Amino acid sequence: TTMEGKLFRGFLILFAEFEREQGKERTFLKRYSMAKEGCWLGGMPPIGYKLVNKELVVVEEQASLIREIFSLYLKKYPPSEISRILNNQGLKTPNKTAGTGRIYGNKKFNTNTILTYLKNPAYSGFVEHNNELFKGKHAAIISKEDWDAIQTSFNIKKESPRLGTGDTLLLTGILKCGECNSFMTTSASLKKQPDGSKKRYWYYRCTTKTRYGAEECKNRQISAPSIENYIIEYIAKIAENDNYAIKTKDKINFQRKIRAEKVAEILERKQGEKAALSKNINNITNAIAMTDDDSTIKYLIKNLDELTNQQKLLDGEISKRELILNGLQKNEATLEHLRIRLKEFSEIFYKLTQSDKRIIIKILIKEIVFSSPKESEKGRLKLRFWKKPDFEFEYDVNSGLRFEGSGSGGRT
């Protein structure tokens, strides 16, 4: 409590803080040095690897699972859909044993676990320390190019500029640069109007240029409204084509027939389960009538209640599937109805929310590739449909896009 005692206590506190900070610095420098050498920094190894003499070694059985996850994401499946696919296959997260002996894993996949795998640089052969990547000593499970492409898509979703409605532009995530194969992200510029006000104009710009500078890619940027309206107009033209209506009708009815067969199969199985359940209920009812033992009666009544509840649930499932089957068998798509609806595509499309518009475009189009080098007056736009021929169109710097391209299906 004396003046000298307070001074000495202050010195002790300062030395304790100094020692703590020095320890943190030593730890950081040691880990940084290990990362630069490509060493694993400790902790539980990621799925797909095991530790052998403090080094990561590929576990092929788990590595094939990781490759499947990355492959599905590169095919535009969202993490939620990937987890659903894996869970439907009966797969579980692989087991991992911690240093304490505790076993982790053997759980269903979810969106968070898939995202954790997709964002882990170890799978591309790198070690991360303090948000910096270093080439690791371990073998890569996927290519660095695929990993970079996935991280770019995450950055686009995270950093895409927003419209006044709060929604992103329509083509982010499917529009790619034809010069460097990077995704094209949205950018905006403010231009002064004659009345002195400022207006925001939106463009699609190569992410390589955004991240590394304009000199890294020679592709031009393109007006967002220009290319979006062009894509919508082209889809509308396809929808108005009578051959498209015929093929769509046949496809819808074929899918309806397949689904009806599956529902009928499930319905038959449920009705069989109901028949077996009814038989068990009858047997228990007869057994109750034939016994005088109170304990046996109580046990049988408990079982009867459980079976009766199961029967109610089963009746609900059967009724639901009977309604679905009835609808599938009666409501076939007609050519006349489809022609009317497809001709209304543009009108209906523009009434949708921005989010729904993006969903429709992604359902129809797998990828859009835009290429217009700065030194050229001409460029190309390629539309890649899901399981359909690719179509290419000419882009003129002065007049924009034109419906004069062709695909394997002939002139558009």
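Reader: Where is Lys76 found?
Author: Lys76 is in the loop between H2 and H3. Before going on, note that this is a predicted model.

Reader: Noted. What is the phi of Lys76?
Author: Phi of Lys76 is near 80°, which is a positive value in a residue other than glycine.

Reader: And how accessible is Lys76?
Author: Lys76 counts as partly exposed, because its relative accessibility is 30% and that class runs between 20% and 50%.

Reader: Which other residue has a positive phi although it is not a glycine?
Author: Asn53 is one of them, with a phi of about 55°.

Reader: Where does Asn53 lie?
Author: Asn53 sits in the loop between strand E1 (49-52) and strand E2 (55-58).

Reader: Is Asn53 buried or exposed?
Author: Asn53 is exposed, with a relative accessible area of 72%. The cut-off for exposed is over 50%.

Reader: Back to H2. How many residues does H2 have, and how far does H2 reach?
Author: H2 covers residues 60-74, so 15 residues, and runs 21 Å from its first C-alpha to its last. That is close to the 21 Å expected at 1.5 Å a residue.

Reader: Which residues of H2 are buried?
Author: The buried ones are Gln62, Ala63, Leu65, Ile66, Ile69, Phe70, Leu72 and Tyr73.

Reader: How do H2 and H3 cross?
Author: H3 takes in residues 79-88, and its axis comes within 10 Å of the axis of H2, crossing at roughly 135°. H2 is therefore oblique to H3. The crossing is right-handed.

Reader: Which residues make that contact?
Author: On the H2 side they are Leu65, Glu68, Ile69, Leu72 and Tyr73. On the H3 side they are Pro79, Ile82, Ile85 and Leu86. By class, the contact of H2 with H3 has eight nonpolar residues, no polar ones and one charged. Among these contact residues, Leu65, Ile69, Leu72 and Tyr73 are also on the buried list of H2.

Reader: New topic. At what angle do H8 and H10 pack?
Author: Helix H8 (residues 242-290) and helix H10 (residues 335-343) pack at about 125°, and their axes are 9 Å apart. H8 is therefore oblique to H10. Their crossing is right-handed.

Reader: Which residues of H8 and H10 make the contact?
Author: H8 gives Asp242, Tyr244, Ala245, Ile246, Thr248, Lys249 and Ile252. H10 gives Leu335, Leu338, Arg339 and Leu342. The contact of H8 with H10 divides into seven nonpolar, one polar and three charged residues.

Reader: What about H8 and H9, how do their axes cross?
Author: Helix H9 (residues 294-330) and H8 have axes that come within 9 Å and cross at roughly 160°. H8 and H9 are therefore roughly antiparallel to each other, since angles over 145 degrees count that way. The crossing of H8 and H9 is left-handed. The contact of H8 with H9 has 20 nonpolar, nine polar and nine charged residues.

Reader: What should H9 span at 1.5 Å a residue?
Author: The 37 residues of H9 should span 54 Å, and the end C-alpha atoms of H9 are 53 Å apart, which agrees.

Reader: Which residues of H9 are buried?
Author: They are Leu300, Leu304, Leu307, Leu314, Ile318, Leu325 and Leu328. The cover over the buried residues of H9 includes H8.

Reader: Now Phe345. Is Phe345 buried or exposed?
Author: Phe345 is buried, with a relative accessible area of 17%. The cut-off for buried is under 20%. Phe345 is in helix H11 (residues 345-349).

Reader: What is Phe345 in contact with?
Author: Leaving aside neighbours within four places in sequence, Phe345 is in contact with Ile232, Ile235, Ala236, Ala239 and Ile360.

Reader: How far apart are Phe15 and Gln271?
Author: Phe15 and Gln271 are 79 Å apart in space, C-alpha to C-alpha, and 256 residues apart in sequence.

Methods:
Residues numbered from 1 in each chain as written. Predicted model: local features only at pLDDT ≥ 70, side-chain atom pairs only at ≥ 80, totals over all residues. Heavy atoms only, no water. Helix = DSSP H or I, 4+ residues; strand = E, 2+ residues; numbered from the N terminus. Expected span 1.5 Å × (residues − 1). Buried < 20%, exposed > 50% of the residue type's maximum accessible area, 1.4 Å probe, protein only. Axes fitted to C-alpha atoms, helices over the stretch in contact; angles between N-to-C directions. Parallel < 35°, antiparallel > 145°, perpendicular 65-115°, else oblique. Left-handed = near helix turned anticlockwise from the far one by under 90°. Contact = heavy atoms within 4.5 Å. Nonpolar A, V, L, I, M, F, W, Y, C, P; charged D, E, K, R; others polar.
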